[in-house]
Amino acid sequence: MLFTAVPCFVGTQIPIKTLFDYIVKGETLEEYLEQYPSVPPTLAAKVLEDSRKWLLTQ
């Protein structure tokens, strides 16, 4: 059986992809954090900001 590594928020088993899935569906960061309270708000915000910066430089 082949397992692939899935990037997760540090200290959790919550895939970072879930954050993007929420955003794509039109949910807010606050709604995401309510659903996944173990994700630190500052870390979730940093993921979004770093992604934004990366996308704007491509």
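Modeller: The discussion below takes the core, the aromatic rings and the charged pairs in turn. Please note that this is a predicted model.

Biologist: Which residues make up the largest nonpolar core?

Modeller: The largest nonpolar core has 11 residues, namely Phe9, Ile14, Ile16, Leu19, Tyr22, Leu29, Tyr32, Leu33, Val39, Ala44 and Val47. Two or more of its residues come from each of α1 (17-24), α2 (29-35) and α3 (41-57). Helix α2 provides the largest share, 3 residues.

Biologist: What does Leu19 touch, leaving aside residues up to four places away in sequence?

Modeller: With those neighbours not counted, Leu19 touches Phe9, Leu29, Tyr32, Ala44, Val47 and Leu48. As general background, nonpolar side chains in soluble globular proteins tend to be buried together.

Biologist: Why is Tyr22 called buried?

Modeller: The relative accessible area of Tyr22 is 16%. Buried means under 20%, and Tyr22 is therefore classed as buried. Tyr32 is buried as well.

Biologist: How do you know that Tyr22 and Tyr32 form an edge-to-face pair?

Modeller: The structure holds 4 aromatic pairs. In the one formed by Tyr22 and Tyr32, the rings are 5.2 Å apart centre to centre, with 80° between the planes.

Biologist: What makes Tyr22 and Tyr36 an aromatic pair, and where do the two residues lie?

Modeller: Their ring centres are 6.0 Å apart and their planes stand at 75°. Because the limits are 6.5 Å for pairing and over 60 degrees for edge-to-face, Tyr22 and Tyr36 form an edge-to-face pair. Tyr22 belongs to helix α1, whereas Tyr36 is in the loop between α2 and α3, 14 residues apart. Tyr36 has 22% relative accessibility and counts as partly exposed. Phe9, Tyr22, Tyr32 and Tyr36 form one aromatic cluster.

Biologist: Which charged residue lies over the face of Tyr22?

Modeller: Lys25 does, at 5.5 Å from the ring centre. The distance limit is 6 Å, and Lys25 therefore falls within it.

Biologist: How many salt bridges are found, and why is the contact of Asp21 with Lys17 called one?

Modeller: A search of the whole structure finds 3 salt bridges. In the bridge of Asp21 with Lys17, the closest N and O atoms are 3.0 Å apart. The cut-off is 4 Å, so the Asp21 and Lys17 pair qualifies. The two residues are 4 residues apart in helix α1, which means that about one helical turn separates them. Asp21 is partly exposed at 30% relative accessible area, whereas Lys17, at 55%, is exposed.

Terms used
Residues are numbered from 1 along each chain as its sequence is written. This is a predicted model: local features need pLDDT of at least 70, side-chain atom pairs count only at pLDDT 80 or more; totals for chains, interfaces and linings use all residues. Side-chain values use heavy atoms; hydrogens and water are left out. A nonpolar core is a set of buried Ala, Val, Leu, Ile, Met, Phe, Trp, Tyr and Cys residues joined through side-chain atoms within 4.5 Å. Buried means under 20% relative accessible area, exposed over 50%, partly exposed in between (1.4 Å probe, protein chains only). Contact means heavy atoms within 4.5 Å. A salt bridge is a side-chain nitrogen of Lys or Arg within 4 Å of a carboxyl oxygen of Asp or Glu. Rings of Phe, Tyr and Trp (its six-membered ring) pair if their centres lie within 6.5 Å; planes under 30 degrees apart count as stacked, over 60 as edge-to-face and the rest as tilted. A charge sits over a ring if NZ of Lys or CZ of Arg is within 6 Å of the ring centre and within 35 degrees of the ring normal.
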